[in-house]
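Subject: Structure for you to look through

Dear colleague,

Here is the structure that I promised to hand over, and my notes follow directly after it. Please read them with the model open beside you.

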Amino acid sequence: MSSTTTQSGLSRARRGLAPGGSGSAPGKRRSKLSAQATKTFFWLLLPSVVLLVLIHGYPLIYAAVQATHDGDLLQTGNFVGAQNFATVLSSPAFWKAAQFTLWFTIVGVFGSWLVGLGLALLLRTRIPAGNTFKVLLLLPWVVPVVVSSTAWNWLVATPDSLVPSLFRNLGLGTPLFLADPTLASVTVMVFKVWVSFPFMMMMISAALASVDSTVYEAASMDGASRWQQFSQITLPLIARSNYISWILMTIFCVNDFPTIYLLTGGGPVNATTSLVVLAYRTVFQDFATGPGVAIAFLMTMTLVVISVILYRQIRKSSVE
Amino acid sequence: MSAVLHAHPESGPTLGVDAGKRRRVLSEAGQRGRWWRFAAILIITGIVLVPIMVTILLAFTPGPNSTATGLTFENLGNVFSKTLAATWLKNSLITTLSTVVVSVAVAAPAGYVLSRGRSKAVSGYSLLLFVMQSLPIITSVVPLFILFAGMGLVDNLLGLTIIYVGSTMTVATWMMAAYFDSIPISLEEASWIDGCSVFGSFTKVVLRNSLPGVLSTAIFAFLLAWNDYLVAIVFLRSNEIFTLAMGVQSFFQQNATDWTSVMALAVVMMLPPVIVFATLNKYFSVGGIGGSLAGR
């Protein structure tokens, strides 16, 4: 991969490739072009800025207003300060949802990473029709969640569904995958791993592709075993990429709504209610706008921290 | 290492390993294990695809009230003739295609500025876009619901499109910027010497050479808009305004026992992304897509 294609958006912005900004341009033309460029840049960026303010900026500020007021969807009530946050933070439902979100995220991130890593390593070797498998294995990620959750429902929802019947025939009892709180949590997490592993597989495949194979030749000449090659060479070489995909997947898992909501609706007995599902239900089913937005706000603050960490990682890796 | 962030189509298959390299890695023992590995991947892929195969199979299986035998197109016909499926499909297509066009139209110029600009403001804006894409959509959905209700944009495909464009533009801009980075500035300098303006060199030189970048951004916007459920469930109220995501879901709840019809509609919904992905697979840039699905 050439050096031009390996810079990220960040280093680019920082290093600055403004027209006329490169050293080769004579000083006079540079300043003339820069003035023109600034004006053009302003107009080129304007639609984007307007949209960002309208769809992201305004809602964020208004959300801050709602989180500190009582009232409902139709009318913002009186200023109540941090009371909504206090209500949320003192409610057991919030902590239960936070706990579920934490487990959901841990299993989602590392489960999909392990499966993705295994498959990426397997697909890296020469296999007949390897590319076809690569594309087929991406399908869980490409198919809309509305569709796949419907299929999963058909497979597991009732005692007579395919998977419970299979268990029964194997003499393992008839598990109620979506009716038992523990099993429902497990099912939602397995579903999430099923949806997400192709993404991890893609990230890891791309990272593996950039590893120079001569390293392995040298290592095997020195008598390194397969496992040693994997743990001493492969893993360290793809570490930064793994780290980035973990953080990205963390953001996806924390923000995830459809995989949980469509499979279980947050039940049974709130066992699979994540923070997003709780926020959604608080606002649109209980019509408690303030507390609902307060939950979303607490998530937002956590995610800002995570995404700033990610931003730094990407910047670091683009400097290398 | 950062190649991961935006593997470009020209620099080899995005998902694959360079064939030459692989061949060299391969030892004789590896050669022997080839068919064993083939069997393993075949079984794994088979298990992984069970839900998708089940969907397709049920969609073409005769329904409970059907006299047909074997596989049939009856369910698909019924879904289109007896439900609002055609309207939902049309709504999904309109919303998704508008989102794709407007997203690219907004993200391409902004991405150009991110790629070529070098002021503090530009790098600050780049960070801002990055942070915004990771925030939960649920935070903005409530205020936007109130804002849009006042403007008549709730239960309205235009309102839905505006939100989709808003949520795709952050990552789309990053993807475009990353692509523009791969286009050498010297090409533009040549056009400036010929008297071209900055805007002229953007459209005539940069954009004209950016088809793969534009395509991968478009695919991303397509997938996000087509697959969305959260925004649709909040903003859409009436049956005839539903997108396919809402349609399949409502249909599934109302006709929980009529699996064949539900699956027929599900197949209609999953076909476009699968086709887009199968044909334009090589334009997928991994990292850009990565950041993109934060809202899912």
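A salt bridge is a side-chain nitrogen of Lys or Arg within 4 Å of a carboxyl oxygen of Asp or Glu. By this rule, the count over all chains comes to three salt bridges.

Before I go through them, a word on how to read the notes. This is a predicted model, in which local features need pLDDT of at least 70 and side-chain atom pairs count only at pLDDT 80 or more, while totals for chains, interfaces and linings use all residues. Residues are numbered from 1 along each chain as its sequence is written, chains are lettered from A and ligands numbered from 1 in the order in which they are written, and side-chain values use heavy atoms, with hydrogens and water left out.

Chain A as a whole

The secondary structure of chain A consists of 15 helices and two strands; both are DSSP runs numbered from the N terminus, helices being H or I with at least four residues and strands E with at least two. Of the 320 residues in chain A, 57% are buried, where buried means under 20% relative accessible area, exposed means over 50%, and partly exposed is in between (1.4 Å probe, protein chains only). Among the contacts in chain A with a separation of 6 or more, 65% are between residues 24 or more positions apart, a contact being heavy atoms within 4.5 Å. The accessible surface of chain A is about 13400 Å², and carbon and sulfur atoms hold 68% of that area; such areas come from the Shrake-Rupley method with a 1.4 Å probe, and for residues only the protein chains shown count as cover.

The salt bridges

In one salt bridge, the side chains of A:D160 and A:R168 meet at 3.9 Å, N to O. A:D160 is exposed, with a relative accessible area of 64%, whereas A:R168 is partly exposed at 36%.

Another joins A:D256 to A:K192, with 3.7 Å between the closest N and O atoms. Because A:D256 lies in the loop between helix 12 (239-255) and helix 13 of chain A, and A:K192 in helix 9 (residues 181-209) of chain A, this pair ties together parts that are 64 residues apart in sequence. Both partners are buried, A:D256 with a relative accessible area of 1% and A:K192 with 5%.

In chain B, the side chains of B:R116 and B:E188 form a salt bridge at 2.7 Å, N to O. This pair links distant parts of the chain, since B:R116 is in helix 6 (residues 85-116) of chain B and B:E188 is in helix 10 (residues 185-193) of chain B, 72 residues apart. B:R116 and B:E188 are both buried.

The aromatic pairs

How many aromatic pairs does a search of the whole structure find over all chains? The search finds 34, taking rings of Phe, Tyr and Trp (its six-membered ring) as paired if their centres lie within 6.5 Å, and calling planes under 30 degrees apart stacked, over 60 edge-to-face and the rest tilted. The pair of A:F42 and A:W43 is edge-to-face, because the ring centres are 5.2 Å apart and the planes stand at 80°. Here A:F42 is partly exposed, with a relative accessible area of 48%, and A:W43 is exposed, with 56%.

A:Y261 and A:Y280 form another edge-to-face pair, with 5.4 Å from centre to centre and 75° between the planes. This pair links distant parts of the chain, with A:Y261 in helix 13 (residues 258-264) and A:Y280 in helix 14 (residues 275-284) of chain A, 19 residues apart. Both tyrosines, A:Y261 and A:Y280, are buried. Ring pairs also link them into a cluster with A:F257, A:F284, B:F145, B:F148, B:Y229 and B:F235.

Cysteines and one leucine

The structure holds zero disulfides over all chains, a disulfide being a pair of cysteine sulfur atoms within 2.5 Å. Among the cysteines, A:C253 is buried with a relative accessible area of 1%, and B:C196 is buried with 18%.

Lastly, A:L89 lies in helix 3 (residues 83-89) of chain A and is partly exposed, at 39% relative accessibility. Leaving aside its neighbours within four places in sequence, A:L89 is in contact with A:F94, A:W95 and A:L298.
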